[in-house]
Amino acid sequence: MKHLLSTADLSRADAVHVLDTAAEMAATQSREIKKLPTLRGRTVVNLFFEDSTRTRISFETAAKRLSADVINFSAKGSSVSKGESLKDTALTLQAMGADAVVCRHQASGAPHLLAHAGWLDAAVVNAGDGTHQHPTQALLDAFTLRRHLVGGAQGPTAGSGSDLAGLHVAVVGDVLHSRVARSNVSLLTTLGARVTLVAPPTLVPVGVEAWPCDVSYDFDGTLADGKPDAVMMLRVQRERMSGGGGFFPSPLEYSRAYGLDARRLATLPDHAIVMHPGPMNRGLEISADAADSPRAVIVEQVANGVAVRMAVLYLLLEGNR
Amino acid sequence: MSTTYLLRGVRPLGGDPADLLLQDGAIRRIEDTIDTDGLPEGTVVIEADGLVALPGLVDLHTHLREPGREDTETIASGTRAAAAGGFTAVHAMANTTPVADTAGVVEQVWRLGRDAGWVDVHPVGAVSVGLAGEQLAELGAMAHSAARVRVFSDDGKCVWDPVLMRRALEYVKAFDGVVAQHAQEPRLTEGAQMNEGVVSAEVGLQGWPAVAEEAIIARDVLLAEHVGSRLHVCHLSTAGSVELVRWAKGRGIDVTAEVTPHHLILTDELARGYDPRFKVNPPLRTQADVDAVREGLADGTIDIVATDHAPHAREDKDCEWAAAAFGMTGLETALSVVQQTMVDTGRMTWADVARVMSTNPARIGRIDTGEHAQGRPLEVGEPANLVLVDPAAVRTVDGAQQQTASVNTPFAGHELPGRVVATFLRGRATVLDGAPVETVGAAR
Amino acid sequence: MSHTDQGTRVPPEPHPANGANGSVVLGHAEIQRALTRIAHEIVERNKGVADVVLLGIPSRGVPLARRLAERLATIEPAGAPVGSLDVTMYRDDLRSHPTRAIGRTDVPGTGIDGKVVVLVDDVLYSGRTIRAALDALSDLGRPRAVQLAALVDRGHRELPIRADFVGKNLPTAHTERVRVRLTETDGEDAVLIESGEGTR
């Protein structure tokens with residue numbers, strides 16, 4: 001593995017290997033001394049063209065726990081139409097000797113370009129590109145699912161070696177604009193899970209029929225008939241979603257049909273968990289009851305994000321240099 | 001006194017070999033064998049065994065970028081590229097800076113084309129002032145200028161306002177003009193990056209749905225029918241558009257349609273690599289669409305192939321897909337793509353190629369008569385506008401080796417069949433031995 | 001993934017080796033005897049097993065540590081806790097090696113602070129694995145003492161490290177490979193020397 005650009009590039013064995021590595025990383029994070037010397041002398045650049053404090057902090061923590069040097073390069077001003085070009089930024093990072101570049105960009109495909117345009121030798125990690133992919137989010141989601149729902153054990157290494165065969169995951173919300181949904185559909189199905197996307201028809205992309213998942217417009221029906229083992233709520237951007245030419249009539253109508261509230265929470269199977277990639281819109285896609293319920297593993301997802309990103313940086317940077 | 005050329009053993013329209021004599025700007029003789037005895041001193045004999053002779057190609061849709069973006073193409077470099085691609089006339093689109101929406105700008109383009117001397121340059125006039133889609137440009141003034149504009153287009157933008165479109169269609173009837181519509185419903189394509197479908201859903205690039213093209217074509221053919229006007233549909237790209245044009249023609253509506261070479265061969269699968277060389281408007285579509293436009297071209301539903309040659313600066317293609325400019329170059333690869341997709345597959349003959357790349361575009365642009373007539377048959381007495389093609393040649397495309405000033409060809413590294421060996425503009429060689437004749441511009 | 005000391009890594013094989021290109025230097029009985037002897041030496045050195053914690057280094061050090069623990073329990077019924085210590089993330093050769101899977105670190109509930117940790121590995125070679133293990137240990141706690149038990153010591157040390165307990169000293173050439181096979185991981189007990197020529 002030279003880059004991590006899309007979960008669609010991962011085989012089942014690759015994905016299980018990342019999760020198993022993440023499990024061992026997670027185990028080290030309960031120690032008093034959390035820092036490992038593994039990537040001493042390596043330089044990881046967080047190249048963020050789009051604000052995402054939580055993702056950047058997660059990658060930064062992961063890199064630092066592995067003793068890498070971390071450089072945060074916030075290129076927010078460099079939108080696609082102004083400022084320094086991606087190419088010049090890449091050449092700069094190359095000159096600085098970056099070993100890995102963690103790239104968040106509002107343009108789909110920007111990390112792919114960084115990896116393949118020949119500007120840069122570094123390993124490229126896609127930290128979210130446009131409406132394309134967010135592979136480390138999907139990996140941390142898969143890791144969280146496995147930890148809770150596979151193998152029956154508890155603890156960081158629960159489910160090691162296993163995939164997600166037999167699980168049913170409902171992914172609910174703005175699928176159209178969601179890189180998290182795209183990454184999860186390919187990763188979770190590669191790992192043997194069944195995925196049902198639930199959204200109003202306006203928030204489902206044309207062309208979804210080629211995806212290896214089911215699509216439903218009926219959240220209640222999916223909960224009743226599908227008995228999902230996990231419900232993953234996607235963030236809905238309130239401001240751009242409703243109003244003239246919007247994707248649904250009003251936030252209220254959206255929550256009524258697609259929000260996870262106390263009533264819907266109560267219909268979930270006992271073992272089912274509630275996930276959200278964050279940041280949440282409480283009261284829109286998820287109610288406070290659901291977000292704060294014992295089934296919610298939302299805070300744990302954040303912790304698992306560090307372990308998964310440690311695993312990804314380790315697997316990309318060790319060897320073959 | 002211009003050079004006399006004797007072309008030996010050429011195959012006019014791919015037919016039986018013959019000798020052609022080009023003298024004083026016209027085709028003087030076509031015979032099985034022409035003896036050199038009695039020909040003027042200095043007659044140049046070109047041994048052209050096996051080469052196919054076609055009437056000089058006419059492009060109804062070229063972006064020459066001058067005035068305004070001379071860094072990407074000039075009228076001189078673009079027309080030189082056109083000659084290298086076998087063209088003897090091009091229509092220069094109006095979306096320059098300033099926009100070609102006045103008699104002054106179109107005359108400037110026309111003069112620069114004439115001075116360059118590579119091909120006839122026919123400026124396209126803008127339909128609306130500044131391509132803004134609000135107010136009709138001075139269509140009559142452009143029509144009656146020295147440039148004699150007959151084709152009007154806001155290409156790059158759609159004439160979206162149905163009333164403005166209706167008025168334009170009606171107004172150009174006064175001088176037998178035609179409105180060439182860039183069919184793109186603007187609201188359905190806000191922020192659009194590529195064809196909307198399976199690939200866009202996966203790669204996360206905003207979709208440009210086929211219906212945004214088809215809805216405008218449907219409206220425009222009905223408008224053309226209602227007001228009894230002539231309509232030309234630029235670069236149609238979808239199976240549905242072919243169906244609509246077929247239906248309109250069946251109804252007797254005076255509509256013509258064009259397809260670009262790239263829509264005959266490339267698909268949206270190419271967007272998976274996020275290489276902006278494949279970003280174009282209208283976008284590359286699916287294989288089913290490619291099959292449909294090939295069929296439409298073969299059965300005459302689509303009248304012409306036009307390049308939509310769109311040079312762009314390197315930095316506008318060496319970037320994120322969403323930041324990149326739409327468009328690809330095409331003048332020097334068009335004939336090869338048509339050969340590969342239509343001739344070598346048995347869908348069309350070379351005579352058909354002459355029809356869709358010379359006769360029909362000249363007729364639509366109303367440049368098929370008069371002193372500088374284009375798209376004429378290869379017959380004695382006709383202007384000596386012709387191109388010699390070696391259909392057996394195979395070449396690997398290299399953007400840096402092309403005549404156009406820009407390198408954004410989608411075919412870089414591709415092997416394409418066919419090579420333009422020579423081009424003649426009214427008896428004067430603009431290309432010989434596959435290379436532009438350097439004295440062309442200087443001769444004037 | 002097979003993990004022995006640096007330079008002796010061999011690809012896992014689907015079937016037990018028949019020694020076709022290697023000679024068996026220790027068989028099942030010799031291995032068992034060596035472990036029994038080491039167990040006695042551990043008890044003797046530490047005057048019992050009261051504070052002893054056995055930590056095997058994955059992968060083959062782990063079953064060896066378990067076997068030692070069984071023997072210690074027969075000598076001193078209180079026995080000694082056993083665990084595993086993965087050193088992958090502490091290695092100094094990560095850049096030059098292909099992907100190494102990370103093994104399990106499993107420290108017994110007693111912890112290691114103030115204990116006598118006996119590291120257990122199959123082959124002692126350059127000493128770099130043990131150097132990494134010492135670093136890993138120091139991140140986990142502060143043992144009173146650290147001792148090292150190796151089934152085979154094949155020489156060629158690159159660091160000032162020596163084993164406290166050795167099953168068998170095995171003089172080898174650099175070009176040779178020492179392969180340890182254990183019933184738990186490989187289906188049989190054997191230590192083989194293979195000539196480096198023609199093998200990976």
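Q: In which loop of chain B is B:Arg148 found?
A: This is a predicted model: local features need pLDDT of at least 70, side-chain atom pairs count only at pLDDT 80 or more, and totals for chains, interfaces and linings use all residues. Residues are numbered from 1 along each chain as its sequence is written, with chains lettered from A and ligands numbered from 1 in the order in which they are written. Helices (H or I, at least four residues) and strands (E, at least two) are DSSP runs, numbered from the N terminus. B:Arg148 is found in the loop between α3 (139-143) and β9 (151-152) of chain B.

Q: Is B:Arg148 buried, exposed or partly exposed?
A: The class follows from a count of other C-beta atoms within 10 Å of the residue's own: buried at 20 or more, exposed at 12 or fewer, partly exposed in between, with C-beta atoms placed from the backbone. B:Arg148 has 18 such neighbours inside 10 Å, so B:Arg148 counts as partly exposed.

Q: What is the phi of B:Arg366?
A: B:Arg366 sits in the loop between α10 (350-364) and β16 (386-396) of chain B. B:Arg366 is not a glycine, yet its phi is positive, at about 55°.

Q: Which residue does a cis peptide bond join to B:Asn281?
A: The bond has omega near -5°.

Q: What is omega for the cis peptide bond joining C:Pro58 and C:Ser59?
A: C:Ser59 lies in the loop between β2 (52-56) and α2 (61-75) of chain C. The bond from C:Pro58 is cis, with omega about 0°.
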